[in-house]
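Subject: Handover of a structure and notes on its contents

Dear colleague,

Please find the structure below, together with its sequence. My notes follow it, arranged by region.

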Amino acid sequence: MATLNYKQQDYICQKNETVLDTLLRENLNIAHGCRQGVCQSCIMRSVDTNPPVAAQQGLRENQKQQKHFLSCLCLLEQDMQLEQITESEFAHNLKVLSKQMLNHDTLLLRLLHDEAFTFKSGQFINLKSADNTVRSYSISNPPNKQLHIELQIRLLANGRFGSWVHNEVEIGDNIPASSALGSCFYNTERQEQGLLLVGTGSGLAPLYGILQDALQQEHKGAIHLFHGSRQAKDLYLKEQIQQLVSEHENFSYTACISGEYRNEHEEHYSQGRVHEVALSNYSYLNNWRVYLCGHPEMVKQMQTQVFLKGVDMNDIYVDAFHLSSL
Ligand code: FES
């Protein structure tokens, strides 16, 4: 068992316990989000020994050299003195411009940023609530002159952060935010390439941003968007997306329902799980670029399937945040 020293106190890491687990067990207020090495909100710095390589995955080279590491991935092999650096990670204060419901449980949150905040649609940011809870959300709009970003925030049962945003955050409030992170965004290389976008639930957020960016950049290849949910009432932005279909010949949209539904309002949906519906449309996907966002199991299965249909691993972009009810 190793000992960690934090703010002049020693704590013993139990067997198979990460640094984050140890500090939370000791009731210390440590910012964290996904607990899976994705959101980077639990980043800390070793003052003495080098952190384990596995705890530095996804960090930039200069961060590694400064002995930064992700505490949720860090199983200590030797004693370590460490300090928190999250305050500097939340370098931006984003002002709430508007809140608008997109369906029964998903909120469109529009936030004003300054010139120093740069992003590509589809990237994610970490937001920190008043009680230090951190959550990651994807940006669903392209950069614009009004300097605002849009996030789609779903209210989950017992979801502390979502509940705070839905019920307590008010227009004009400032929310601490990280810089934009992640590589799940559109780039203008190979504009003849087909783009396959597949998402579930609020996984639509990065896809909607990537879609708008690709259309604005006049992407030449086909663009196919598949969005799935269990019930029709969980789908959203249908009219806006249909409008884009009518304006762009190379773009198509398929909404999928995996549960039962009655066609009461003459609305058309494909019946079935979104990745199965999407895959049934293609024998081969050679030279396609694929973006997958939403339920981790769907993302995992789809990664394998599109690879088997010919997609280069470098052309598969993934954003798979696990749902958290903390
Ligand atoms: S990367 Fe550690 S909590 Fe998200």
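Which residue in S4 is the bridge partner of Ile-43? The partner is Leu-70. Before going further, please note that this is a predicted model, in which local features need pLDDT of at least 70 and side-chain atom pairs count only at pLDDT 80 or more, while totals for chains, interfaces and linings use all residues. Residues are numbered from 1 along each chain as its sequence is written.

The antiparallel strands

Strand S3 covers residues 43–46 and strand S4 residues 68–70, and the two pair in the antiparallel sense over three bridges. Strands here are DSSP E runs of at least two residues, helices are H or I runs of at least four, and both are numbered from the N terminus. Two strands are said to pair if DSSP finds at least two bridges between them. S3 is also joined by three bridges to strand S5 (residues 80–84), again antiparallel. In that pairing, Met-44 stands opposite Gln-84.

The parallel sheet

Six strands form an open sheet with parallel pairing, in the order S15-S14-S13-S12-S16-S17. Strand S15 (270–271) and S17 stand at the edges with a single partner strand each, so one side of each has no neighbour in the sheet. S15 is joined by two bridges to strand S14 (residues 251–257), and these strands run parallel. The bridge partner of Ile-257 in S15 is Gln-271.

S16 pairs with S12 in the parallel sense over six bridges, and with S17, also parallel, over four.

Six of the six residues of S16 are buried; a residue counts as buried if 20 or more other C-beta atoms lie within 10 Å of its own, as exposed if 12 or fewer do, and as partly exposed in between, with C-beta atoms placed from the backbone. Trp-288, Val-290 and Leu-292 point one way from S16, whereas Arg-289, Tyr-291 and Cys-293 point the other way.

Helix H8

S16, H8 and S17 make a right-handed β-α-β unit; right-handed means that, with the strands pointing away from the viewer, the path from the first strand over the helix to the second runs clockwise. Helix H8 has 13 residues (296–308), which at 1.5 Å a residue should span 18 Å, and the 19 Å between its end C-alpha atoms agrees with this. The expected span is 1.5 Å times one less than the number of residues.

The buried residues of H8 are Met-298, Val-299, Met-302 and Val-306. They cover an arc of only 95 degrees around the axis, which puts them on the same side of H8; the arc is that of the directions from the helix axis to the C-beta atoms. The face turned away from this buried side carries the exposed residues Glu-297, Thr-304 and Leu-308. The buried residues of H8 pack against strand S12 (194–200), helix H7 (274–279), strand S16 (288–293) and strand S17 (316–319). Just after H8, Gly-310 takes a positive phi of about 110 degrees.

The nonpolar core

The largest nonpolar core has 82 residues, and those with the most contacts inside it are Leu-197, Leu-207 and Tyr-291. Such a core is a set of buried Ala, Val, Leu, Ile, Met, Phe, Trp, Tyr and Cys residues joined through C-beta atoms within 7 Å. Its largest share, seven residues, comes from helix H5 (residues 204–216). Neighbours within four places in sequence aside, Leu-207 is in contact with Leu-197, Gly-199, Leu-225, Tyr-291 and Cys-293; contact means that the C-beta atoms, placed from the backbone, lie within 7 Å.

Two further buried residues

Gly-122 lies in the loop between strand S7 (106–112) and strand S8 (124–128). Gly-122 counts as buried because it has 30 C-beta neighbours inside 10 Å. Leaving aside neighbours within four places in sequence, its contacts include Ser-138, Cys-184, Pro-206 and Ile-210.

Ala-177 is placed in strand S11 (residues 174–177) and counts as buried with 22 C-beta neighbours inside 10 Å. Not counting residues up to four places away in sequence, Ala-177 touches Phe-90, His-92, Leu-94, Ile-125, Asn-126 and Leu-127. The C-alpha atoms of Ala-177 and Ser-136, 41 residues apart along the chain, are separated by 9.6 Å.

With kind regards

Terms used: Contact = placed C-beta atoms within 7 Å.
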